Structure formats: C-alpha cells, structure tokens
Amino acid sequence: MTRRKLEEEAERLDQTFAEMLIEGAPTLVAVLDVDAKLLWCNRYVERITGYRVDEVVGVDAVEMFVVEEKHAVSRQHLRTLAAGMEAVGMTIPILTKEGNRREVEWTSRALRDVRHKTLCILIIGRDITDLKLAQQRTLQAERLAAIGQMVTGLAHESGNALQRSQACLEMLALEVQDRPTALHLVNRIQLAQDHLKQLYDEVRSYAAPIVLEEVPAQPVDLVRQAWADLEPTWIARDVCLEIADGTCGACQVDVFAMQRVFRNILENSLAACADPVQIDVSWTETQLNGRAALSIRLRDNGPGLDVQQRQNLFEPFYTTKTKGTGLGLAISKRIVEAHGGVILAGQQDGPGAEIVVTLPGVAVD
C-alpha cells in the first residue's frame, strides 16, 4: 500500500507540474475537437485574445479567432490532422476581442486512441506579433537610413546651387521691377525653389532616426499647444477648437514629437475645411495590445475622406492639398508608432474627417 500511495502521489505531482507548466507558459495552448470546437485552453489565451475561458469553450475556434481570409486554410489544416496525416506548422493570424490582429505561429497534432481514431487536436501557438513588428521596424529603419544618407548628400550638394540661383533671382528681380510680367515669373521661380528646399528638408526629416525623450504629459495639453502654435494660420478665420470637458489621463511621450503630430493633423483640417471651421477633440480610455491606452480623436467638419484617401492617408508623398510635400502624416505615423501607438482614420460615422491617435501607458490620476 505504501508503494502504491507513493506511485499515486508521484503521478499527482507529475500532473500538477504539467498543469502548472501549461498554465504558466507564455504560449497559447488549446484542445479542439475534429469540428474545430474549442474544448479547453490555457489562461494565456485569455491574456492574448481578451476573451475569458468560459466565453470561448464550446465555440467554433476558427469562426471566433481566425481572420476571415484564413478560415478555409485553417479548416483544411484540421481536416488533414483528423484524417491521420501529418500537418506542417504555419502562421495564421487571429483577432482579439477588441478587433486587433495578432500574428501567431502554430504547431499542432492529433491525439488518437489505441485504434488510431482521432479524439481531439492539440494546438500550440507562439505569438510573434511583436517579433514581426520589430523585424519590420528594423528593416524600415535600415531603408530609411539609406534614404536619409542619400537625401542629406543630395541636399548638401544642391544647397549651394539653390543659394546661387536664389541670389541671381533676387538681383534679377531688381532689374525687372518695372516689368510686372517678368517680375511675376521671377517670383514663381523663387516659390518653386522654396518648395524644393522644403521637400529636401521633409524627406530628410522623414528618413531620420526617431529618438524619443519621453516624459509624462497629457495628450490634450499637447493638442492645445499645437493649436496655439498654429495661431498665425487661423487667427483671421472663423474657426473653433472644441475640447471635451473632463480630465485626460497622462502618457509617456516625447512632447516635441507629439506636438508635431497634432500640428500636422490640425493643419490638414484647417486646409480641408471652409469657414466656419469646427474641430472637436475627445478622448477615451482603451486597450492596445493588452495594455491600458488612451485614444485621442480629432474630428473636423470638412468634406471627409473618400475610400482612396483613407487607404493612402499615411503614405509618403500622398497629399490632397495644393501645397505641401505629402509627408506630414507619414512622419506623424512614424512618430506615433515609435511611441508604441497607432494612428488611423476614424470611422465615417459623422461629418468631416476624424483622425484617431492611440498611445499606450495611460497613467490614471
């Protein structure tokens, strides 16, 4: 009896150890039946997806979690396993409860009885979202460094030529003061040169590495300061910036960089809207990749964004303005992502255009 009790105790300890290992591992572990119904999952699934275990047990795991474009390949994968064939590992993205996309690398195997009938399917997932983002950012940084080096050299070499031509144009303007048509052409050439210099500066700024000096700050205060910086552009117009009442949480941000982001957004609204201009600013506490976050929403009363504009809004050199390089929102996107945040066009559920900036690390007073 003593030996049997020792064996039972050893078996219990082994089972407890295995359960602790599975529950504590930073890996998604789940058991499905052959029809993709979720039979069991560990607590890490809760942490990644935002769903409680009791919310998802018994549901179709493919319908609940897998992105729609991967439904067919996921079901084929499960059928392959259930039929007794080996299946290779694959990366299949999932959606969290908040609608965020997570990249997961899956391995799986069928568990069978003594007659080789498939009882269930064990799947193990490794969340590689942050790894892929880090790889993409590293690659992007390398590309941008190369662009920045090239543009810096080009701007340096071109700067002297632009200065010489500018000096000549100023002298020419003096010579043709009594010839309005010629003077108008000289002014247009000077404006074109100014635009070329601005383009060099913007591309160099876009390609430069982003180095942040983060301090606690309230994003809404940064919006107010950005608006104050733009006073020369709106002081003579009929404009109103309306900021929601209440106390906005604080985030760890680079104050100068984030003011630039909000200036770009506000400048775009001022350029797109006819008077009277109304810009509303609001915020909500939310979640971003499992962390507390703050979403700042800026909505104007302009013509809004069509499908093409929404798709290309943050692409470099894309602009709908008659003046500008089209790099303002592209630079803003780099700055926000360097903070670990997200910037996107809001829903078309009201008048005008809405830009949403979501930053992590909310500190609630």
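Predicted model: local features only at pLDDT ≥ 70, side-chain atom pairs only at ≥ 80, totals over all residues.
Helix α8 passes helix α10 in a right-handed crossing.

Stop 1: Select residues 219-229 for α8 and residues 255-272 for α10. Their axes come within 8 Å and cross at roughly 60°. That angle makes α8 oblique to α10.

**Stop 2: the contact between them.** Show side chains on both helices. Which residues of α8 meet α10? On the α8 side they are P219, L222, V223, Q225, A226, W227 and D229. Their partners in α10 are V255, M258, Q259, F262, R263, L266 and L270. Colour the residues of this contact by type: ten are nonpolar, two are polar and two are charged.

**Stop 3: the sheet.** Hide the side chains and turn to the strands. Here is an open sheet of five strands with mixed pairing, in the order β9-β11-β12-β14-β13. Which strands form the edges? Select 239-243 for β9 and 342-345 for β13; each of these edge strands pairs on one side only. On average, neighbouring strands in the sheet are turned by 20° against each other, direction ignored.

**Stop 4: β12 and β14.** Select residues 291-300 for β12 and residues 354-360 for β14. The two strands run antiparallel, and seven bridges join them. Within this pair, find S295, which stands opposite T358 in β14.

**Stop 5: helix α12.** Select residues 328-338. This helix, α12, lies across β13 and β14 and runs at about 140° to β13.

**Stop 6: G304.** Is G304 buried or exposed? Its relative accessibility is 17%, and buried means under 20%, so G304 counts as buried. Apart from neighbours within four places in sequence, G304 is in contact with Q309, G352 and A353.

**Stop 7: a distance to check.** Select the C-alpha atoms of G304 and S269. How far apart are these two residues in sequence and in space? They are separated by 35 residues in sequence and by 9.6 Å in space, C-alpha to C-alpha.

Technical notes
Residues numbered from 1 in each chain as written. Heavy atoms only, no water. Axes fitted to C-alpha atoms, helices over the stretch in contact; angles between N-to-C directions. Helix = DSSP H or I, 4+ residues; strand = E, 2+ residues; numbered from the N terminus. Parallel < 35°, antiparallel > 145°, perpendicular 65-115°, else oblique. Left-handed = near helix turned anticlockwise from the far one by under 90°. Contact = heavy atoms within 4.5 Å. Nonpolar A, V, L, I, M, F, W, Y, C, P; charged D, E, K, R; others polar. Buried < 20%, exposed > 50% of the residue type's maximum accessible area, 1.4 Å probe, protein only. Pairing = 2+ DSSP bridges.
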